[in-house]
Amino acid sequence: MNIGVDIDNVISNFNEVLLKEFIAHDKELRNAGIVNKNAYITRGMFDWTKEEFDDFYYKNIERIAKNLNIIEGADFYIKKLRQDGHKIYIITGRDNGEYSNPFEMTLNWLKKYNIEYDEIFFTNNFSDDEKANACLKNNVKIMIDDSKKNSYAVAKAGITALLMDTEYNRDAKDLIRVHNWKEIYEYISNYKEEKLNVILDTDIGNECDDQFAMSYLLKYQDKFDINAITIAPVSYTHLRAHETAA
């Protein structure tokens, strides 16, 4: 099964490090502290002006991202999932204009922590549906993300969305919430994709299309429950009699 995995707040401790950086810089500004505990770090948690936010964030976000730590268990359980036969597709929203070279930066970080994966895709996190489209294009069955917006888009596309729990997404409803990588691994290990019930009605012996249809169903029994195969036998007796008479 193809599994999509976000990086920040799913593999890396992005929010944890970002909050520490904001608190430290806030002390250098006015030391006002957190003014809104219910707001996200970059959206009103501190009393910074837009100019103060832009000056600090865009000058430091690349340094911060390069020095993130790994979330406990991420490397172990990702490796275990691949050993179980699953494919890991890293799908990150880092291609959003905030980094000078998001590709090289991210590949180096994944290599640093020995994160195993099969393929990696970069999307723009400010887009509403780029991650969902990447999942659809690559036949991803489960996507793990911390973003409400991305998770809703993925779920709308018919893909199972696992929302990594953070303080900033707890108002999200109708999504499957997970809290750590052990929980993620257990969910995936017990996951059973809903199959489509099929009855194949054939007239094998007439044209070759039925053989192709049967081969397809037999190959993809992870997607189809074959309830029955019915056969309408074809007789050529009347054709032979007609040819003999002619």
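Okay, housekeeping. The model is predicted, so to speak of local features we need pLDDT of at least 70, and side-chain atom pairs count only at pLDDT 80 or more, while totals for chains, interfaces and linings use all residues. Residues are numbered from 1 along each chain as its sequence is written, and side-chain values use heavy atoms, with hydrogens and water left out.

A pocket here is an open set of points on a 1 Å grid over the protein atoms alone, where a 1.4 Å probe fits, with protein on both sides within 12 Å along at least five of seven lines; lining residues have an atom within 4 Å of a point. Volume is the space filled by probe spheres set on the points, and grid points are joined across faces, edges and corners.

The largest pocket holds about 860 Å³. Its lining has 35 residues, and Y40, R43, N125, D146 and S147 lie nearest the centre. Helices α1, α2 and α6 each give that lining at least two residues (helices are DSSP runs of H or I, at least four residues; strands are runs of E, at least two; both are numbered from the N terminus).

The second largest pocket has about 330 Å³. Here 16 residues do the lining, with N9, N15, I71, D165 and T166 nearest the centre. α1 brings the largest share, four residues.

Now look at strand β1, residues 2-5. N2 and G4 point one way, I3 and V5 the other, and all are buried, meaning under 20% relative accessible area with a 1.4 Å probe, protein chains only. β1 pairs with β2 in the parallel sense over four bridges, and with β4 in the parallel sense over four bridges too (pairing takes at least two DSSP bridges). I3 stands opposite I88 in β2 and opposite I142 in β4.

Last stop, the rings. How many aromatic pairs does a search of the whole structure find? The count is 16. Rings of Phe, Tyr and Trp (its six-membered ring) pair if their centres lie within 6.5 Å; planes under 30 degrees apart are stacked, over 60 edge-to-face, the rest tilted. Y40 and Y168 have ring centres 4.7 Å apart and planes at 85°, so they are edge-to-face. That pair links distant parts of the chain, 128 residues apart. Y40 is buried at 18%, and Y168 is buried at 19%.

Definitions and conventions
Buried < 20%, exposed > 50% of the residue type's maximum accessible area, 1.4 Å probe, protein only.
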